[in-house]
Amino acid sequence: MESLQQYVGEFRDLAKRPRNFLTQVLNLSCIVFSALMLWKGLMVTTRSESPVVVVLSGSMEPGFHRGDILFLTLFEEYPFVPGDVVVFQIEGRDIPIVHRTMNVHEKADGTVALLTKGDNNHVDDRGLYAHRQFFIGRKEVMGRAQAFLPYVGMITIWLNDYPWLKYILIGSMGFFVIIGRE
């Protein structure tokens, strides 16, 4: 309780000095914009609209577990092959799906048709695709998994499952940046 009063006192002192307060707000803005620039740089480098994703379900176990972070690329020079782990998004669904390609059909005009399946699922993904869609194309694929970090993404899952935790974490980080504490 004493440390909380100390933090509130530091915030009041900072609020009395508008230049220092503005400097701290600008520091916070620099941190946020640096993170956004890093994300955009990763998008350009990997050619994927989402270069980092979190596995949200157990459909890929034992290869990938819930909470694993996957690093994606989407280089068109490398053709898809059966066994590639791809992340794709079906039109009308909010959450991308991480599954393995089972069959790859490449036509003479360069179009690709992929059939996917989760390693832990008994049937292929045709039931997940859009109505009367039997394969997914290149436009649905967000990226191909290149590397992963096990279980680090559980933080993201907890923040989505418990929104109050997200507000506490972001609010406290912003507060400590503004008052100048490490």
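Analyst: Helices (H or I, at least four residues) and strands (E, at least two) are DSSP runs, numbered from the N terminus. This is a predicted model, where local features need pLDDT of at least 70 and side-chain atom pairs pLDDT 80 or more, while totals for chains, interfaces and linings use all residues. Residues count from 1 along each chain as its sequence is written, and side-chain values use heavy atoms, leaving out hydrogens and water.

User: Okay, let's start on the outside. Which helix gives the most to the nonpolar patch?

Analyst: The patch is made of I155, W158, Y162, W164, L165 and I168, with about 640 Å² of accessible area together (Shrake-Rupley method, 1.4 Å probe, only the protein chains shown counting as cover for residues). Patch members have over 30% relative accessible area and no salt bridge, with nonpolar side chains (Val, Leu, Ile, Met, Phe, Trp, Tyr) joined within 5 Å and like charges within 9 Å. Both α3 (154–161) and α4 (163–179) supply at least two residues each. The top giver, with three residues, is α4.

User: Is W164 buried or exposed, and what is its relative accessible area?

Analyst: W164 lies in helix α4 and belongs to the nonpolar patch. Buried means under 20% relative accessible area, exposed over 50%, and partly exposed in between (1.4 Å probe, protein chains only). W164 is exposed because its relative accessible area is 54%.

User: Now the strands. Which residues point the other way from V85 and V87 in β3?

Analyst: Strand β3 covers residues 85–88, and its residues are all buried. V85 and V87 point one way, and the other way point V86 and F88.

User: Which residue in β6 is the bridge partner of V86?

Analyst: Two strands pair if DSSP finds at least two bridges between them. Strands β3 and β6 (residues 141–149) meet that with three bridges, in the antiparallel sense. Within this pairing, V86 has as its partner R144.

User: And which residue in β4 stands opposite V87?

Analyst: β3 also runs antiparallel to strand β4 (residues 97–106), and four bridges join the two. In β4, the residue opposite V87 is V98.

User: How many residues sit between β4 and β5 in their hairpin?

Analyst: Strand β4 pairs with β5 (residues 112–117) in the antiparallel sense over six bridges. One example is T101, whose bridge partner in β5 is T116. In the turn, G110 has a positive phi of about 95°. The number of residues between the two strands is five.

User: How many salt bridges does a search of the whole structure find?

Analyst: A salt bridge is a side-chain nitrogen of Lys or Arg within 4 Å of a carboxyl oxygen of Asp or Glu. One of them joins E140 and K139, with their closest N and O atoms 3.9 Å apart. E140 counts as buried because its relative accessibility is 10%, while K139 is exposed at 71%. The total found is five.

User: How many residues apart in sequence are the parts that D161 and R66 tie together?

Analyst: D161 and R66 form a salt bridge whose closest N and O atoms are 3.9 Å apart. D161 is in helix α3 and R66 is in the loop between β1 (52–54) and β2 (69–73), so the pair ties together parts whose separation in sequence is 95 residues.

User: How far apart are the closest N and O atoms of D119 and R100?

Analyst: D119 is partly exposed at 32% relative accessibility, and R100 is partly exposed too, at 24%. In their salt bridge, the closest N and O atoms are separated by 2.8 Å.
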